[in-house]
Amino acid sequence: MAKNILVTYYTQTGQLEEIVKNLTKPFWENQEEFKVTYYQIKPKKDFPFPWPSDVFYNTFPESYLQIPVELEMPSEEILNKDYDLIIFGYQVWFLTPSIPIISFLKSDFAPKLLSGKPLITVSGTRNMWMLSQEKLKVYFKELNIKLVGNIALVDRHDNYTSVITILNWLQTGNKVSPKPFPKAGVSDEEINSASKFGEIILPFAKSENYEGMQAVLVKNGAVEIRPFLIKVEKVGNRLFTVFSKVIHKNPNKRKFWVGVYKFYLMLAIWVISPIVLILFNLTTPIFWWKRKNQIKYYQGI
Ligand SMILES: Cc1cc2nc3c(=O)[nH]c(=O)nc-3n(C[C@H](O)[C@H](O)[C@H](O)COP(=O)(O)O)c2cc1C
């Protein structure tokens with residue numbers, strides 16, 4: 001009997017949709033053995049794209065605090081199937097899985113679709129997804145989901161170039177940046193070649209035994225880890241925790257505090273993080289093994 005694959009995702013720009021559709025191409029080309037169902041997560045009141053600047057920063061507290069919004073129900077057809085594998089597409093908003101993704105995991109219907117199933121995460125982010133993956137693992141555990149693989153596609157340009165191009169993309173809707181900057185987001189080449197990961201997954205899905213799959217995915221470029229970014233994410237999470245709580249507790253002064261957060265974010269990206277990068281590079285010999293272990297951990301599942 002054909003195996004059922006459920007592909008869940010949210011997307012604003014279409015980038016993640018392109019990634020998951022290309023990735024699952026080998027499955028829908030093999031219709032005798034696999035039936036692929038796509039479930040696009042839809043908030044009842046969706047977030048804007050392109051983002052007006054004030055709405056963008058104003059989304060930070062609820063995003064970071066993982067406060068869900070209401071979603072449209074998936075169709076009966078999606079709900080009434082029993083799936084053999086879940087391909088779980090997500091993006092990161094403010095170092096946290098995006099609000100639509102969290103809303104899905106907290107929804108009443110998530111257990112029906114996901115509980116007890118093997119699941120592969122597929123993300124399309126700027127470059128900071130590592131601690132979001134850890135946040136997802138908490139939900140996966142609660143839902144008794146078995147994480148069997150992870151593919152993390154990112155913008156491979158340096159951290160500063162990708163900040164400039166992504167902010168331009170998100171606020172103008174234009175993925176192509178003004179010269180001399182490169183195109184924002186995950187490269188076209190990586191998006192187009194995502195089907196190679198589907199080819200890798202296919203035989204494991206056939207045998208329903210995923211042992212050893214993550215190592216093959218990593219060997220083929222599914223997860224690149226830059227230890228400096230883990231450091232930035234850890235520091236960022238500490239400060240975001242403080243900011244999100246202050247903003248949430250002071251609704252009357254929300255506009256002021258969101259403004260302070262925006263100022264802090266720019267300072268952190270353009271002033272603090274270059275200093276941290278220099279210190280980080282200088283201490284490489286001391287923390288050599290710690291960082292090697294970090295790479296191994298975050299490349300794993
Ligand atoms: C509000 C917001 C915050 C974001 N924060 C991050 C972030 O913290 N780390 C990161 O790597 N990418 C971040 N991104 C980029 C997204 O993860 C994603 O790559 C981009 O929005 C395209 O997503 P799409 O799948 O909706 O088309 C952010 C995007 C938005 C809209």
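User: Why is the contact between the side chains of Glu 17 and Lys 21 called a salt bridge?

Analyst: In this predicted model, the N to O distance between the side chains of Glu 17 and Lys 21 is 3.7 Å. The cut-off is a side-chain nitrogen of Lys or Arg within 4 Å of a carboxyl oxygen of Asp or Glu, so the pair qualifies as a salt bridge. Glu 17 and Lys 21 both belong to helix H1 (residues 15-23), where they lie four residues apart, about one turn of the helix.

User: What makes Glu 17 and Lys 21 partly exposed?

Analyst: The relative accessible area is 24% for Glu 17 and 30% for Lys 21. Buried means under 20% and exposed means over 50%. Both values lie in between, and therefore Glu 17 and Lys 21 count as partly exposed.

User: How do you know that Glu 33 and Lys 206 form a salt bridge, and where in the chain do they lie?

Analyst: The side chains of Glu 33 and Lys 206 meet at 3.4 Å, N to O, and the limit is 4 Å, so the pair is a salt bridge. It links distant parts of the chain, 173 residues apart. Glu 33 is in the loop between helix H2 (25-28) and strand E2 (34-40), while Lys 206 is in helix H11 (residues 195-207).

User: Are Glu 33 and Lys 206 buried, exposed or partly exposed, and why?

Analyst: Glu 33 has 33% relative accessibility, and Lys 206 has a relative accessible area of 38%.

User: What makes Glu 134 and Lys 137 a salt bridge?

Analyst: Their side chains meet at 2.9 Å, N to O. This value is within 4 Å, and therefore the pair meets the criterion. Glu 134 and Lys 137 both lie in helix H8, three residues apart, about one turn of the helix. With a relative accessible area of 22%, Glu 134 is not under the 20% limit for buried, so the residue counts as partly exposed.

User: How many salt bridges does the whole structure hold, and which residues are linked in a network?

Analyst: The search of the whole structure finds 11 salt bridges. Arg 156, Glu 190, Glu 224 and Arg 226 are linked in a network of such contacts.

User: How many cavities of 30 Å³ or more are there, and what lines the largest cavity?

Analyst: There are two cavities of 30 Å³ or more. The largest cavity has a volume of about 40 Å³. Its lining consists of Trp 129, Gln 133, Glu 134, Lys 137, Asn 150, Tyr 297, Tyr 298, Gly 300 and Ile 301. Helix H8 (130-142) and helix H15 (288-299) are the elements that give two or more residues to this lining, and H8 provides the largest share, three residues. By class, the lining has four nonpolar, three polar and two charged residues.

User: Which residues line the second largest cavity?

Analyst: The second largest cavity holds about 30 Å³ of space. Asn 127, Trp 129, Met 130, Val 154, Glu 224, Arg 226 and Leu 229 line this cavity. They divide into four nonpolar, one polar and two charged residues.

User: Why can Trp 270 belong to a nonpolar patch on the surface?

Analyst: Trp 270 is in helix H14 and is partly exposed at 37% relative accessibility. Patch residues need over 30% relative accessible area, so Trp 270 passes that cut-off. The patch, which includes Phe 263, Leu 267 and Trp 270, has about 1000 Å² of accessible area together. Helix H14 (residues 254-282) contributes its largest share, nine residues.

How values were computed: Residues numbered from 1 in each chain as written. Predicted model: local features only at pLDDT ≥ 70, side-chain atom pairs only at ≥ 80, totals over all residues. Heavy atoms only, no water. 1 Å grid on protein atoms, 1.4 Å probe; cavity = no way out; pocket = protein on both sides within 12 Å on 5 of 7 lines; lining within 4 Å. Points joined across faces, edges and corners; volume = space filled by probe spheres on them. Nonpolar A, V, L, I, M, F, W, Y, C, P; charged D, E, K, R; others polar. Buried < 20%, exposed > 50% of the residue type's maximum accessible area, 1.4 Å probe, protein only. Patch = residues over 30% accessible without salt bridge, like charges linked within 9 Å, V, L, I, M, F, W, Y side chains within 5 Å. Areas by Shrake-Rupley, 256 points an atom, 1.4 Å probe, with all protein chains shown as cover.
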